[in-house]
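The following exercises are to be worked through with the sequence and the coordinates at hand. Each task is followed by a solution in steps.

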Amino acid sequence: MSPALEARALLLDTHPYREADLVVRLFLPDRGNVSAMARSARSSRKRFPSGLDRLTLADVRLSSRSGRGMPTLESAQVVEVWWNVRSDIGKVAAASLLAELLLKAHVEPGEAGPLFEFACAVLNRLDSAQQASGEPAALLAAGGILHRLHLLPRPLVCSRCFAKDAAAPTFPAWLDGSTGELRCNAHVERRSQSLALQEHELQLLTLAGGDPSDFPIGPELAAIASPVLQRLEPLLVRTFGSNLRSLAFLREIS
Ligand SMILES: [Zn+2]
C-alpha cells in the first residue's frame, strides 16, 4: 500500500483491540478486503465523530508508514448508513450474510469492483424495500456474490451440452454443490452431490447474477427462496468455510 490512500469503503466488521483501538475490516472497490487499525476509536470520538459502525459506507483515508503491515485508518467520513436495514430482522440477517461472505471471499483482481457495486446495490435495495423477507434477500446476497466470484455458471446452462435452458426439455437441472457446475437432466453425473433445481428456482438464481433491484425479496418469495438457499449451502460452505454464522442466524429467525 502506498503511504496514503483515499477511497470509498464499505465497513464490514469491527473488532476491539487493546484498550482503546478498533480493528476495522473494510471492503474497497479496487482491492477488496483490507483490515485497518483505528487508533483510539473507542476512547475518543474526535477522529471518528460519526462512529465506525459495521455496514456503513464511508470515505476513508488510510496510511501506512512503511508500506507494509496493517494500515492505519486516519479518518472516515460516513456517506451512507442504510438505517432501514437496521429496523427489520430479516434485512439484518441478509445484510449480515452479505458482509460475512464478502469478508470470507477470496477476491481476485477485477472482482472487487463488481462485488463492491453489488453490495451497495443490495443494501440500497434492502433499505428501500417496503417489505423484505430474510430468505429471498439472503438468496440474493449469496447468489449474487457467487455469480460475481465466477462460482456459478453464467448463463446457467449445462456445462456438457450447453443446452440453452440447462435442462431442456426436462427439469430439474442439477447444480454440483462441490464445483458449482450445472448439468442438464441428461448429463448429471454426481446426482447425490448435486442440487436439483426446478425451472423457477433456476430463474431465481439467474436473477441473482443481474441487477439487485430486479430481484424479488418480498415475503411471498420466502417459500421458493428457502429451499434454493438451503441447497446452495454446500457450495457456500465449500467457498467461504463451514462456520457461516449468519446462515445459522437466518435459520433461527425464520
Ligand atoms: Zn446437458
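**Exercise 1. Determine how many salt bridges the rule finds across the interface of domain 1 and domain 2, and describe the contact.**

Step 1. The rule finds one salt bridge across the interface of domain 1 and domain 2; a salt bridge is a side-chain nitrogen of Lys or Arg within 4 Å of a carboxyl oxygen of Asp or Glu. The model is a predicted one, in which local features need pLDDT of at least 70 and side-chain atom pairs count only at pLDDT 80 or more, while totals for chains, interfaces and linings use all residues. Residues are numbered from 1 along each chain as its sequence is written, and side-chain values use heavy atoms, with hydrogens and water left out.

Step 2. Domain 1 covers residues 4–80 and domain 2 covers residues 83–253, with bounds that come from an automatic or database domain assignment. The C-alpha centres of the two domains lie 29 Å apart. To the contact (heavy atoms within 4.5 Å), domain 1 gives 18 residues and domain 2 gives 15 residues.

Step 3. The size of an interface is often given as the accessible area lost when the parts come together. Here domain 1 and domain 2 bury about 1,300 Å² between them, and 69% of it is on carbon and sulfur atoms. Buried area is the accessible area (1.4 Å probe) that two parts lose on being put together, summed over both.

**Exercise 2. Locate the salt bridge between Asp53 and Arg86, and state which parts of the chain the pair ties together.**

Step 1. The side chains of Asp53 and Arg86 meet at 3.2 Å, N to O.

Step 2. Asp53 belongs to the loop between β3 (32–38) and β4, and Arg86 to the loop between β5 and α1 (89–104), so the pair ties together parts 33 residues apart in sequence. Helices (H or I, at least four residues) and strands (E, at least two) are DSSP runs, numbered from the N terminus.

Step 3. Asp53 is partly exposed at a relative accessible area of 40%, and Arg86 is partly exposed at 34%. On this scale buried means under 20% relative accessible area, exposed over 50%, and partly exposed in between (1.4 Å probe, protein chains only).

**Exercise 3. State how many salt bridges the structure holds, and examine the pairs formed by Arg61 and by Arg183.**

Step 1. The structure holds 13 salt bridges.

Step 2. In one of them, Arg61 pairs with Glu6, the closest N and O atoms being 3.2 Å apart. Arg61 lies in strand β4 (residues 56–63) and Glu6 in strand β1 (residues 4–17), so this pair ties together parts 55 residues apart in sequence. Arg61 is partly exposed, at 33% relative accessibility, whereas Glu6 is exposed, at 60%.

Step 3. Arg183 and Glu181 also meet in a salt bridge, at 3.0 Å from N to O. Arg183 is buried, with a relative accessible area of 15%, while Glu181 is partly exposed at 30%. Salt bridges with shared partners join Arg160, Glu181, Arg183 and Glu189 into one network.

**Exercise 4. Identify the protein donors of the zinc ion and classify the site by its angles.**

Step 1. Donors are N, O and S atoms within 2.8 Å of the metal (3.2 Å for Na, K and Ca); water is not among the atoms, so sites may look incomplete. For the zinc ion, the protein donors are Cys158 (SG), Cys161 (SG), Cys184 (SG) and His187 (ND1), at 2.2 to 2.3 Å.

Step 2. The angles among the four donor atoms run from 98 to 117 degrees, and the site is tetrahedral. Four donors count as tetrahedral if all angles lie between 85 and 135 degrees. The ideal angle for four tetrahedral donors is 109.5 degrees.

Step 3. The donor residues follow the spacing C-x2-C-x22-C-x2-H in sequence. Cys158, in the loop between α3 (134–148) and β6 (173–176), and His187, in the loop between β7 (182–183) and β8 (194–197), are 29 residues apart and link distant parts of the chain.

Step 4. Cys158 is buried, at 0% relative accessibility, whereas His187 is partly exposed, at 24%.

Methods
Four donors count as tetrahedral if all angles lie between 85 and 135 degrees; four count as square planar and six as octahedral if opposite donors are over 155 degrees apart and all others between 65 and 115; anything else is irregular.
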